[in-house]
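Subject: Structure handover

Hello,

Here is the structure I promised you. Please open it and keep it beside this email while you read.

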Amino acid sequence: MISFDLTTMLFVPAASAKMIGKARGLGASAVILDLEDGVGTGEKRMARDGLAVNIGESWTGRPLLFVRVNGPGTEHFHADLAAVAQLPVTGVCIPKCETVGDLLDAERQLMDAGAPDSIHLCPFVESARGMVNAAQIASSTRRVAAMALGSEDLAADVGIRRTRNGEELVYWRGVVATAARAAGAIPIDGVFIDFSDEVGLEADAAAGRALGFGGKQIIHPSQIAAVHRAYAPTPQELDRAARIVAAFDEAERDGRGVVVVDGRMIDRPIMLQARRLLGSG
Ligand code: COA
Ligand code: MG
């Protein structure tokens, strides 16, 4: 299983040298330099050609560095992958992945262009067809470190009507969370586009976490803190989890499988949830 902290993945338009410079020091877990939807058609080539200079040679550690290339079937796909193969990135985001072939094609092109064996992939699933194939895509190569939900493109493709609280996305979030987790990859929730609504963002991030996501795409520096808050366990959650684990361990030593903590039944799966929470704290 691949293990990264991808709690916040900040999109930065690759055409903006200024934003790339700024993004390094903001405290996001990862940045995604975007060659796709964040860059206009007239700037695509310039953004790709400028990547190496804008990244420089000293990008180490946090934030983890990803680049999102243009999608399979676009005129830029091949050239983007060839350029990214030479860069010191942790991973490459492949948007609009619809089939296993889309992802394996990207992987092969990266390898052919000399990418290091350690390079990771993060396919974006953002169409009905991609959703149908999500589980196979996530497990198609060991390089898949994360799988991202592209909620806005999905809405456009399927005809989903977006609301502030995102209840219409519950099913699709579940598809991506399940596909990624089954492959040992980290599921990454979609963006919350109203970057002036911090309360709405924190609720949206918490809803994603509750559905099993391991992190969230964000678009603006102001979104970093709220998402980290939503994903971090509270002191109360940590305290209860510690008491659950202790009580369960004691019960097991006595040969019992069920114990009561705070008036609630605690058995093995509840203990496992508590252990998992402590592991992420
Ligand atoms: N990464 C790094 N820095 C960013 C940033 C980002 N994603 N978004 C904004 N900033 C910087 C701005 O440059 C500005 O810096 P300054 O104070 O030094 O001038 C500061 O944060 C405040 O930005 P603000 O004026 O509030 O926003 P903006 O109008 O400059 O930009 C967006 C708003 C939405 C255009 C911008 O946040 C953005 O491009 N986000 C990413 C969009 C994207 O990639 N979409 C595709 C994937 S969904
Ligand atoms: Mg998109």
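One definition first. A residue is buried under 20% relative accessible area, exposed over 50%, and partly exposed in between. Take glutamate 198: its relative accessibility is 41%, so it counts as partly exposed. Please keep in mind that this is a predicted model.

**Overall layout**

The chain is divided into two parts: domain 1 covers 8–231, and domain 2 covers 235–280. Their centres, taken over C-alpha atoms, are 35 Å apart.

**The magnesium ion**

Which residues coordinate the magnesium ion (ligand 2)? They are Asp37 and Asp153, each through OD, at 1.9 Å. Aspartate 37 sits in the loop between β2 (30–34) and α2 (44–55), while aspartate 153 belongs to helix α7 (residues 151–158), so the pair ties together parts 116 residues apart in sequence. Aspartate 37 has 48% relative accessibility, so it counts as partly exposed. Aspartate 153 is at 26%, and is partly exposed too.

**Salt bridges**

How many salt bridges does the structure hold? There are 28. One of them joins lysine 96 to aspartate 37, at 3.5 Å from N to O. This pair links distant parts of the chain: lysine 96 is in the loop between β4 (91–94) and α4 (100–112), 59 residues from aspartate 37. Lysine 96 is partly exposed, with a relative accessible area of 30%. A network of salt bridges links Asp34, Glu36, Asp37, Arg68, Lys96 and Asp153. Note that Asp37 and Asp153 also coordinate the magnesium ion.

Glutamate 168 and arginine 162 form another salt bridge, at 2.7 Å from N to O. Is glutamate 168 buried or exposed? Its relative accessibility is 19%, so it counts as buried. Arginine 162, at 30%, counts as partly exposed.

Now back to glutamate 198. Its salt-bridge partner is arginine 229, and the closest N and O atoms are 2.8 Å apart. Glutamate 198 is in helix α9 and arginine 229 in helix α10, 31 residues apart. Arginine 229 is partly exposed, with a relative accessible area of 43%.

Which residues of α10 are buried? They are Ile224, Ala226, Val227, Ala230 and Tyr231. Their cover includes β1 (8–13), β7 (186–189), α9 (198–210) and β8.

Ile193, Phe195 and Ile219 make a nonpolar patch of about 280 Å². Isoleucine 219 lies in the loop between β8 (215–218) and α10 (224–231). Its relative accessible area is 32%, so isoleucine 219 is partly exposed.

Best wishes

Definitions and conventions: Residues numbered from 1 in each chain as written. Chains lettered and ligands numbered in written order. Predicted model: local features only at pLDDT ≥ 70, side-chain atom pairs only at ≥ 80, totals over all residues. Heavy atoms only, no water. Donors = N, O, S within 2.8 Å, 3.2 Å for Na, K, Ca; no water. Helix = DSSP H or I, 4+ residues; strand = E, 2+ residues; numbered from the N terminus. Buried < 20%, exposed > 50% of the residue type's maximum accessible area, 1.4 Å probe, protein only. Patch = residues over 30% accessible without salt bridge, like charges linked within 9 Å, V, L, I, M, F, W, Y side chains within 5 Å. Areas by Shrake-Rupley, 256 points an atom, 1.4 Å probe, with all protein chains shown as cover. Salt bridge = Lys/Arg side-chain N within 4 Å of Asp/Glu carboxyl O. Domains from an automatic or database assignment. Contact = heavy atoms within 4.5 Å.
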